[in-house]
Amino acid sequence: MADLPWLGVTVRVQLQTRRFFCQQPGCPQQIFCERVPTVVAPSARRTRRLTQALCQVGFALGGEAGARLAHALSMPSSPDTLLREIRRTALPPPVPPRVVGVDDWAKRKGSRYGTILIDLERRTPIELLPDREAGTLHQWLVAHPEIEIVSRDRAPQYAEAARSGAPHAVQVVDRWHVLKNLSEAVQRVLARQRTSIEEATRRMREHQQTPPEVPLALPSLSSSAATEIERHRATRYARYCAVKQLQRQGVSQQGIVRTLAMSHNTVRRYVRADTFPERARYRLGSRLDAYLPFLHVRWAQGVRTPTVLWQELRNQGYPGTVRMIERYLLRLGQRLKGLTAQESAQFLQVATTFKTPSVRQVTSWLQRPLSALTLEQTQFVTHLCEGTPDIRVVRELALAFRQLMQARTVAALSAWVETAAQCPVPEVRTFAVGIRQEYSAVAASLEYPWSNGPVEGQVNRLKTIKRQRYGRANFDLLRARVLWTA
């Protein structure tokens with residue numbers, strides 16, 4: 001039988017045991033072999049310690065990767081053997097949990113999901129369920145009456161399972177999910193108020209005393225890319241017009257989905273929008289952005305040597321490299337190529353004006369106090385709230401809700417819900433109704449320290465294990481590997 005390697009050398013042990021014969025003629029088995037249970041299992045070809053070592057490798061790395069490591073360690077084994085050892089291993093029962101966290105995980109995103117349960121006191125997984133149905137979680141909770149607190153997201157099936165399977169347990173809604181739902185409500189409001197965002201941007205440019213628009217056909221860095229962007233926009237706009245036409249005819253959202261073969265989320269977004277929702281062109285900020293006005297002034301003065309400009313910017317605190325300035329000056333020269341001196345000066349002036357922010361950016365700004373915003377962001381939020389009273393109300397309610405969530409002020413929650421339920425903005429009223437329906441769970445999230453943060457971390461770990469398995473992530477193998485560390 002095979003044994004653990006010795007100094008990198010594969011070892012095989014020849015074990016000689018005694019054979020016993022039964023003298024009773026009625027015995028069904030006449031010959032018996034002497035057992036050595038501490039060394040090897042019956043009929044095994046590997047010692048127990050080698051089997052245990054291979055099992056540890058299989059749990060840690062899976063079949064394919066584990067087999068490669070086992071060969072490198074002079075313990076040759078096949079991937080199938082490692083998977084069989086994982087399946088044969090009986091996992092020890094977990095410690096009875098008192099506080100559990102529940103969340104779903106995707107077997108196949110958008111199609112099939114499962115449920116993971118975490119012991120929040122020990123921060124270890126205790127069970128994987130094959131689906132996310134309320135009945136499955138209900139049966140598991142009934143089998144564990146020792147549970148006192150259930151932390152969950154706002155999924156209705158988990159709420160129903162916790163109410164029926166553990167009626168004595170306190171339900172705690174994850175605070176991050178509640179704030180995420182608030183941000184989604186604010187974002188839906190802004191998606192309907194795109195004209196207000198554009199008007200606030202126009203007022204920002206007027207405040208900067210620069211022309212709001214440039215009637216110039218400025219050359220793009222990539223004409224083919226610009227043509228492709230315009231072609232996609234025309235397709236989206238045609239679909240938007242088709243949705244609006246069917247909406248005016250009284251067709252339901254589900255009917256529009258069937259007629260146009262579009263996603264239900266896209267149809268719902270177009271139905272709610274008053275104007276065509278432009279797709280935001282996101283751009284990551286650069287360390288050079290704060291110094292662009294100075295660069296443009298020096299460019300207009302004729303100073304265009306990257307090294308000279310880099311030295312001047314370094315004296316002002318610029319932390320970047322000269323290569324970044326070279327790339328920007330190259331793009332700037334291509335933009336200004338073919339323009340007259342007056343047109344170039346006008347472009348350099350407009351290039352540093354306030355850019356129209358995306359809906360997601362404005363959503364973040366509205367939910368932050370003015371002290372946490374930059375001067376430009378503060379001015380934009382002020383113009384936006386002055387021009388649209390509904391957005392001003394949404395901002396006040398969002399800031400008040402975030403403040404009470406951060407301060408864990410349970411007494412202020414009821415008053416906020418009553419105020420938000422009378423808000424003229426339908427998205428905020430819908431959010432308030434949802435909070436009222438789960439009032440006890442939301443209030444408990446302010447009283448108890450538990451959240452679904454450790455659960456989300458274990459879900460990420462589960463995804464990593466699932467993607468390492470080269471398509472062999474059957475539920476029993478996945479469950480064994482996830483629960484092995486616990």
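Strand 6 and strand 7 form a hairpin with 4 residues between them. In the turn, Arg123 has a positive phi of about 60°. The model is predicted: local features need pLDDT of at least 70, side-chain atom pairs count only at pLDDT 80 or more, and totals for chains, interfaces and linings use all residues. Residues are numbered from 1 along each chain as its sequence is written, and side-chain values use heavy atoms, with hydrogens and water left out. Helices (H or I, at least four residues) and strands (E, at least two) are DSSP runs, numbered from the N terminus.

Strand 6 (residues 112-119) pairs with strand 7 in the antiparallel sense over 5 bridges; pairing requires that DSSP finds at least two bridges between two strands. Ile118 stands opposite Pro125 of strand 7. Strand 7 is largely enclosed by the rest of the structure, because 5 of its 6 residues are buried (under 20% relative accessible area, 1.4 Å probe, protein chains only; exposed is over 50%, partly exposed in between).

Strand 5 (residues 99-108) and strand 8 (residues 149-152) pair in the parallel sense over 3 bridges. Here Val99 stands opposite Ile149 in strand 8. Axes are lines fitted to C-alpha atoms, for helices over the stretch in contact, and angles run from 0 to 180 degrees between N-to-C directions.

The buried residues of helix 1 are Leu50, Leu54, Cys55, Val57, Gly58 and Phe59. Just after helix 1, Gly62 takes a positive phi of about 90°.

The axes of helix 16 (residues 375-387) and helix 17 (residues 389-407) come within 5 Å and cross at roughly 120°. The two helices are therefore oblique to each other (under 35 degrees is roughly parallel, over 145 roughly antiparallel, 65 to 115 roughly perpendicular, the rest oblique). Val381, Leu384, Cys385 and Gly387 in helix 16 meet Pro389, Ile391, Arg392 and Arg395 in helix 17.

Terms used:
Contact means heavy atoms within 4.5 Å.
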